[in-house]
Amino acid sequence: MAPGLTSKTPPPHPSGRELEEVSDQIDAINILLSSPTPTTTTTTAGDSKPKSNFRQYLTAAPQVKALYKEQHEKQTVEYNLAARKAFHLTVRARMGIWEAMEKLNALIDESDPDTSLSQIEHLLQTAEAMRRDGKPRWMQLTGLIHDLGKLLFFFGAQGQWDVVGDTFPVGCAFDSRIILSESFTQNPDSKHPIYSTEMGIYTLNCGLDNLLLSWGHDEYLYHVVKGQSLLPAEALAMIRYHSFYPWHREGAYKRFMNEKDWQMLEAVKEFNPYDLYSKSDAPPVVEELKPYYTELIDEFFPKKILDW
Ligand SMILES: O[C@H]1[C@H](O)[C@@H](O)[C@H](O)[C@@H](O)[C@H]1O
Ligand SMILES: [Fe+2]
Ligand SMILES: [Fe+2]
């Protein structure tokens, strides 16, 4: 009995009719409790996976943890410089954007605890979520292509550790806000006299463009798209920094930001929910969407066949 409703004289036994009323009320409450609660802040449109259930790395599958362990041990300054040099020395393929998306279909990203869909589906989910929200055409296209850098996997990558996953700068101390950051103790740079310091090889407010971000799909696609599209600076930042969660989500590495980076941070933050939370939307029907997106591709990539 609720406080305040107690009385010294015991209540009379409820009549049959009263009992029926109470039982009706209980039924009504049960119906309310079992029907889905409309939420506006914790779920994405058309889906019921709460936002807090994404990016759960501590409880992720063993292959996700193994991938990050290997990545954190092997992404060094030395590796980074060698990968950048190799990138600039060759053209790996010549193909259009849609063809690249189809090629990527064969890759399942082992770093991702939130989707096991193919990459073409993830790209279309991201773009479609933006289109539904009336985002500008250049942004929809950015959503469509943002993970095409994962093609690196087919171009002589050492595994998935140098292609997928979150990014972080090398050449300065590894921040504890990087996911699963304990594994950096096995990275030789964590004992280097300069690379292990807070500023490392960088200077205050030097600008994110001057950081050696860990080598992977963001950095690769940024370099491919930069000279071969009509996409604006915000789109290039979305591509280059979308996996840089320790920065755009956790607020680390602010000491290296210049004025332009603050603007770009806004763009990347606007992009992120479409990339992350659309992963639980219904899988798109690729062939149905193709006409809309091929037109969009043509608008911003006047050169139909790109150098990859
Ligand atoms: O596992 C994911 C995936 O590889 C994404 O493409 C990347 O952008 C994310 O940062 C990462 O956490
Ligand atoms: Fe990505
Ligand atoms: Fe993505």
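Close-up 1. H217 is buried, having 28 other C-beta atoms within 10 Å (20 or more count as buried, 12 or fewer as exposed and anything in between as partly exposed, with C-beta atoms placed from the backbone). The residue lies in helix α7, and, leaving aside neighbours within four places in sequence, H217 is in contact with D147, G149, K150, L152, V163 and V164 (contact means that the C-beta atoms, placed from the backbone, lie within 7 Å). The model is predicted, so that local features need pLDDT of at least 70 and side-chain atom pairs count only at pLDDT 80 or more, whereas totals for chains, interfaces and linings use all residues. Residues are numbered from 1 along each chain as its sequence is written, while chains are lettered from A and ligands numbered from 1 in the order in which they are written.

**Close-up 2. Packing of helices α7 and α8.** Helix α7 (residues 217–226) packs with helix α8 (residues 233–241) at an angle of about 155 degrees, their axes being 7 Å apart; helices are DSSP runs of H or I with at least four residues, and strands are E runs of at least two, numbered from the N terminus. The two helices are therefore roughly antiparallel to each other, a term for angles over 145 degrees, taken between N-to-C directions of axes fitted to C-alpha atoms over the stretch in contact. From α7, D218, E219, L221, Y222, V225 and K226 meet L236, I239, R240 and Y241 of α8. By class, this contact has six nonpolar, no polar and four charged residues, where Ala, Val, Leu, Ile, Met, Phe, Trp, Tyr, Cys and Pro count as nonpolar, Asp, Glu, Lys and Arg as charged, and the others, Gly among them, as polar.

Close-up 3. H146 lies in the loop between α6 (137–145) and β2 (169–170) and is buried, with 26 other C-beta atoms within 10 Å. Beyond four places in sequence, H146 is in contact with T126, M238, I239, H242 and D275. K150, in the loop between α6 and β2, counts as buried with 25 C-beta neighbours inside 10 Å, and its contacts outside four places in sequence include D109, Q119 and H217.

**Close-up 4. The shell around ligand 1.** The residues around ligand 1 are D109, S111, D112, D147, V164, G165, D166, H242, S243 and Y245, each with its C-beta atom, placed from the backbone, within 6 Å of the ligand. By class, this shell has two nonpolar, four polar and four charged residues.

How values were computed: Axes are lines fitted to C-alpha atoms, for helices over the stretch in contact, and angles run from 0 to 180 degrees between N-to-C directions. Angles under 35 degrees count as roughly parallel, over 145 as roughly antiparallel, 65 to 115 as roughly perpendicular and the rest as oblique. Two residues are in contact if their C-beta atoms, placed from the backbone, lie within 7 Å.
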